[in-house]
Structure formats: structure tokens, C-alpha cells
Amino acid sequence: MVSRLALRPLNVDEGVQASSNTAPSASGIPAQDAAGALSIHGLSKTYRIENRQIPVLADINLSIRAGHFVCIVGPSGCGKSTLLRLIAGLDKEYSGGIFLDGKRIASPSLDRGIVFQDHRLFPWLRLQENIALALLNHDYSKAEKNRRVSDYIRLVKLAGFEKAYPHQLSGGMAQRAAIARALVNEPKVLLLDEPLGALDALTRVYLQKELQRIWLERRGTMIMVTHDVDEALFLGDEIIIMDAHPGRIKHIVDIPLPHPRDRASSVLQGIRLEILEELISIPPEPDRIK
Amino acid sequence: MRSRLISWAWGLLTPVLLAFLWEFFSRRSIAHAYAFVPVADIWRSFWELAGNGDLALNLWATLRSALLGLSIGTLLGISVGASMGIIKTADVLIGPIYHMVRQVPLLGWIPLIGLWFGTGVFSKNLIVAMAVFYPMALHTYEGIRNVEKPYLEVGEIFRFGRWQRFVHVLLPNAWPYIFTGFSNALAFAWVATVGSELLFATGPGLGALMLIAQSASRMDVVIVCIVTIGIIGCLMNFGIGKIRKWFLGWHCAH
């Protein structure tokens, strides 16, 4: 299929460029510095199921500029969540290379935060304790830790709920708390694995805006896996479209519009139709292994 | 509040009816009156025992013995259960023997324990500690093993070390299980304490008092002991429920 989309070559040597329009921070949280560029070279990953090698990701080459918001869309089974887990360092078996600011990723690190579809707050801890636990392995003073925790609770607009237990929060609030917990370490890269996928439509739209506000305030790199093309169009500087069996990159689409965006913009609608058409063209396989 | 009072009142109905039935039997003949001591006699001997300090002395001895066994058994049970849950080698080494020994009823150990350690305080405490140890170890193990992988991953993301993972993920996750184990253990401890006093019959204790009363044909005292044991056990159960609610509030509503 010949696409009219603006394709960007997969150039791994692309320079590290920070976004120049760093917004002044309203919450007292400093905007991220230039670091946070991610490059992936020849990344492949296979699962072994009953002595059969099942390729999940094949030859992924990708370069994500620092401070960019990148969305990954694709049919289920295309390995997009696996890709995110590899970047997080949760999954260590792969071939090829993943580099953050030139350093190879081999394990989880506090410079990469992640938010999952389920909030994963510890049910036995109050909101502020949950967020404070993320700072356990930082040697900040107690006062500094407290300050950071309350800063980030304010950033996600949960002030007043510090003492609440996760079960007392709504789904959207819990997910905001999870975002605060992932951000309190001030990671260079925030990975978002369908963070809004389990929320109702209204909450989702609200949190998309919130996510954008947070991103504009901090300007860190964000990589989001999503099923929702509209979400990707609203948030992403670029959208990576993945193909399945094995998972590989099909396209990278640049969205050259400034933020915040008008969802009804005709440019977005045009790109939207193209992406949907492209996603539909990927044949679903009846017996795929998750 | 009102409905709770009403349900309380209904809960009292059965014991009151049983008391009437009891009294009915005790009035049928002299022989009946021996087996079913008249309620008035029981009441009188309760005041007698309470007045001369016998009840307090024996109750205290039983409570102390139960608490001691409970503490030792709980500490050991949690340690062993947690070790088996966390360290694979410990699970492989201790697991099979633990599950085998657990199948032996506590009463089955009495002859051996009596032979090895005599019939004194140590043997009694040992039996209670064993009764507590099994459920504590089992539930702690389950609690640690049943931790959900997503929570472990959160720990990985924040670079928790082994100890941090234990303190901040595994142990809190296991608390509700440990508490359930403890509720069971509390009941077992109470039963095992009275049982060990009945079997070894040395030193003070409600069980020992019952034996003495039985040999002196004082069925009224036996009944007072039985009722006391029941009421104290009931209170313990009520107390642990309250503590659980307070301590594991996050879990009750979870």
C-alpha cells in the first residue's frame, strides 16, 4: 500500500535534540533537561513455547528524541507491550541493543518510569506512602522526599487524598496516582503501557488532557502504547505503527501539529483515516499466541 | 444499632432455652441432678470459686500458658513459613517433613512428649506452641507465595533489594493470610492449653481444676470451668476480629 503519510527514515544516528519550547513549570517541578533519548538497534525477541521459537519482535530499529511524546499503536499480538517491558528493563532476554542516552539498558533503573494498565498501587499503603515508596532507593533527606511526594501529588491533582487507600480511589484517580508514583523519581523516560485502557470514555479523555499538561510541564520523553488511535493522535509527536507476527515497525508517522491539539482538526482526521486503514489491513491471525 | 441489639437478643435465645432444658432434666430425679447440676448450684459454686480466688488463679495459669505457647509458636511459625516462602532451598529441605509432621494429630505426640520431657510446664507449653506453629507456618507460606507478579515488578522497577522486597512487598501482602492463620492459631492455642492441662494434670489451670473437681464429684465446678473456657475463647475471637478490622482496614474493603 502506498502511503501518503509523512514517513521518517529509521535513522539510528539521529542527534539528541531537546524540545526547545520548554514550558515554565507551574507546580515547582523542574522541566526535564536534555537527556532522555532512546535508540534501539536490531532488537529481536523470541519466546520459547514447548521447544518452538515464537518470534515476538523482529529487527526493531528506532530512535526517539529526548522530550518527545511517542505513541505506539498496532494490533494485539504485535509485541508493543513486550517492547515497552524491554525498554523498562523488566524483560532482560533479547538480542540487539537498547540504549538510553548512549547507555545500554540491562535492568530496570530509576531513570525509566512505567505506568501499567492496572495501577499497581500497593493496597496496603496510603496514597502518599505508595508514592513515597518509589523514592526508597534515593538518598534524599526525609524532608526532601516529603516535598517531592507532595509536589507530585499536586501535579496529578490529588491533593487532599494523601491519606486515602487505593480501594477508596476511583479508577481514574488511582491511575493518576500511578502516574505520580512513576514520575516522582523524575525519570528521563516515562513508559505508558495502555495506562488509560481500563477507564471509561470520559475519564479517558480527561486524563489524556492531564497527561498532556504534565508532559508539557515536564518535557520528559514519554512512550505510550495504546489501542486508541485518537488518543495517539491527540498526544503523540509521532506515532509508531506496528505489524504483527512477528512484531515489527511498519510505519512511523510524524504529527507536525503543536500541542495542545484540537481533536477535530482536519489534518488529524486525515491522518486518522490513514492509520485506521493501515491497521485494518494487518490480517488478524486466528491462532496467535499471546 | 437497634438491629444489632435485636440480633444479640436472638443469639441469647438458644442458650437460655438450653438452660431451661438443663434445669428440667436436673429436677427429674437425684441421679439426674448429679449429671445435670441445677443451675442454682452452678451459680453458687461460681461465686464460691470467684470469691476464694480459685477461679482467677487457675484461669490466669491457663491464660499465661496459652499466651506463652501462642507467642513462641507464632514467632517460629512466621519465621519458618516465611523462610519456606522466600528461600527455595528451605522449601525443598523443610517442606516435605513439615507437611508430613503436620498430618500427625497433636494428641499423637503426647506419649512421646511425655516420655522425653515429662509432664511439666515445658511439655504443656510445647504442645500449645506446636498447635500454633502449624497454622502460622502454613498461612505465612501461602501469603508469601501468593504475592501477585505485578507487585513484584513494581519492586523491580524501583530497584528494591531482597530485604526491601521482603519488607515492602512480600510481608505486607502476606499480612491478611498471617492474620487468618493467627485467628485459627488462637483457637487452637486455647483448646490445646486446656487439653494439655487435662492430659498432664500438673500445676494450676482450668483443665487441672476440672480433673480435681471430677474426682471430688463436684460436677458444678466442672460446669463452671467449661463455661469459663467457652466465654474466654469467645472473647478472644471477638477481640481478634476487632484487631483485624483496625489493622487490616485496607484489606477488609479491598
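Of the 290 residues in chain A, 44% are buried. This figure, like everything that follows, comes from a predicted model. The secondary structure of chain A consists of seven helices and ten strands. Among the contacts in chain A with a separation of 6 or more, 72% are between residues 24 or more positions apart.

Six strands of chain A form an open sheet with mixed pairing, and their order is 6-7-8-3-9-10. Strand 6 (112-115) and strand 10 (248-254) of chain A stand at the edges; each has a single partner strand, so one side of each is left without a neighbour in the sheet. From one strand to the next, the twist averages 20°. In general, the strands of a sheet pair through backbone hydrogen bonds, in either a parallel or an antiparallel manner. Strand 6 of chain A runs parallel to strand 7 (residues 189-193) of chain A, and four bridges join the two. Within this pairing, A:Ile114 has A:Leu191 in strand 7 of chain A as its bridge partner.

Helix 7 (residues 266-280) of chain A lies across strand 3 (69-73), strand 9 (238-243) and strand 10 of chain A.

Attention now turns to the contact between the two chains. Chain A contributes 17 residues to this contact, and chain B contributes 16 residues. On the side of chain B that touches chain A, the elements giving two or more residues are helix 8 (149-157) and helix 9 of chain B. Helix 8 of chain B gives the most to this side, with six residues. By class, the side of chain B that touches chain A holds ten nonpolar, three polar and three charged residues.

Chain B itself is divided into domain 1 (1-36) and domain 2 (39-252). Taken over C-alpha atoms, the centres of domain 1 and domain 2 of chain B are separated by 30 Å.

B:Phe179 lies in helix 9 of chain B, which spans residues 162-200. B:Phe179 counts as partly exposed because it has 18 C-beta neighbours inside 10 Å, whereas a buried residue would need 20 or more. Leaving aside residues up to four places away in sequence, B:Phe179 touches B:Arg244 and B:Leu248. B:Phe179 and B:Leu248 are 69 residues apart along the chain, and their C-alpha atoms are separated by 8.8 Å.

How values were computed:
Residues are numbered from 1 along each chain as its sequence is written. Chains are lettered from A and ligands numbered from 1 in the order in which they are written. This is a predicted model: local features need pLDDT of at least 70, side-chain atom pairs count only at pLDDT 80 or more; totals for chains, interfaces and linings use all residues. A residue is buried if 20 or more other C-beta atoms lie within 10 Å of its own, exposed if 12 or fewer, and partly exposed in between; C-beta atoms are placed from the backbone. Two residues are in contact if their C-beta atoms, placed from the backbone, lie within 7 Å. Domain bounds come from an automatic or database domain assignment. Ala, Val, Leu, Ile, Met, Phe, Trp, Tyr, Cys and Pro count as nonpolar, Asp, Glu, Lys and Arg as charged, and the others, Gly among them, as polar. Two strands pair if DSSP finds at least two bridges between them. Axes are lines fitted to C-alpha atoms, for helices over the stretch in contact, and angles run from 0 to 180 degrees between N-to-C directions.
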